[in-house]
Amino acid sequence: MIYYLQRECNLQTAIPTGGILQFDTPVALNATNPSTATEVLQYQEDGSIDIVSPGTYAVFWFVTGMTGFATDGQSYGLKRMDYSGEIPGWAVLAKSTNHIKNSSTPGFSLVMVSDEEISEYEKATIALFNTADEAIKLTFFSPKAGILIFGLDLDALEDRLSGINQEIADLFLQLQSIEDFVRLSAVTEVWSLSADLSGLGVAVINSGYTYNFWGIGTLNHQQTLESGETYYLIESSQFQPLTLYQGSSTIGTLWIETPAPASSVYSIPVRFDGSGIYFTPSTTISNLPVGTTFKFTQALILV
């Protein structure tokens, strides 16, 4: 899950020493799932922000002061509430200082929120403080300050990527089973007429009006596939039943896999219509080596 919050300060005119800067104006609040956004990043009236989901959060801010009487110039610190003691208190996370009193002071910090912390305390709380030894009056322009929080649940992302990897592995197992079935069945094999795709072709098994197509063969030369160029695996003139297909273009997935040991996998749309079976890469795929396979499967009713 990905979350972000952006707010500005437009109302607060001065920050007392040790006081929290209040970002009173919302700018943006969103998440991968928008319905959960307000539950994850919660702005409080005192200027603090509660984080109620584990993850890694990057915090960026700026404050534009106009005058101040502090001996150490503008000084702001992002603090985090320590809930572990008998009496919760603020602990410094990161500090940004600037000794030019009429200049904007930027800062940034990373906030790590663990599953254990959420389980025990239900939230992590952060706030931006004036850590100078006197009050600082903010500029009369707007915005006077801003904060941006960007959060990423790395564990959830890793789980999702693992699931995708497993789905891809399962798909390749299915493709392997199909290839084995093709080798053991009475099929029609049609090979590409394009010199760019020499060594590649399509196997077809026909049952009534249903035709099942599979990618077969391997590249017998090194080849670069150019972005925006259309490549035909087979043309309808090579397999007449394709000319009977009167529906709109059908789109499947073409998996391009380079051989081991430095194996890479690319996926692009493959299209089927009355002109043949073809694909058009949206980006250039350079230097596919000898032995690269083009795998796909699609069933069409040709009437």
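Here is a walk through the model, from the whole chain down to a few single residues.

First, some ground rules: this is a predicted model, in which local features need pLDDT of at least 70 and side-chain atom pairs count only at pLDDT 80 or more, while totals for chains, interfaces and linings use all residues. Residues are numbered from 1 along each chain as its sequence is written, and side-chain values use heavy atoms, with hydrogens and water left out.

Let's start with the big picture. The protein has three helices and 23 strands; these are DSSP runs numbered from the N terminus, helices being H or I with at least four residues and strands E with at least two. Among contacts with a separation of 6 or more, 70% come from residues 24 or more positions apart, where contact means heavy atoms within 4.5 Å.

I2, Y4, F60, F108, L148 and F150 make a nonpolar surface patch of about 560 Å². Patch residues have over 30% relative accessible area and no salt bridge, with nonpolar side chains (Val, Leu, Ile, Met, Phe, Trp, Tyr) joined within 5 Å and like charges within 9 Å. A salt bridge, for the record, is a side-chain nitrogen of Lys or Arg within 4 Å of a carboxyl oxygen of Asp or Glu. Strands β1 (2-9) and β12 (145-152) each supply at least two residues of the patch. F60 sits in strand β6 (residues 55-68) and is partly exposed, at 43% relative accessible area.

Next, have a look at Q22, in the loop between β2 (14-15) and β3 (25-31). Beyond its neighbours within four places in sequence, Q22 touches C9, Q12, Y43, E45, D46 and G47. Q22 is still partly exposed, with a relative accessible area of 32%.

Finally, there's an open sheet of five strands, ordered β17-β20-β19-β18-β22 with antiparallel pairing. Its edge strands, β17 (231-235) and β22 (293-295), each pair on one side only; pairing takes at least two DSSP bridges between two strands. Strand β18 (residues 250-257) runs antiparallel to β22, joined by three bridges, and E257 stands opposite T293 in β22.

How values were computed:
Buried < 20%, exposed > 50% of the residue type's maximum accessible area, 1.4 Å probe, protein only. Areas by Shrake-Rupley, 256 points an atom, 1.4 Å probe, with all protein chains shown as cover.
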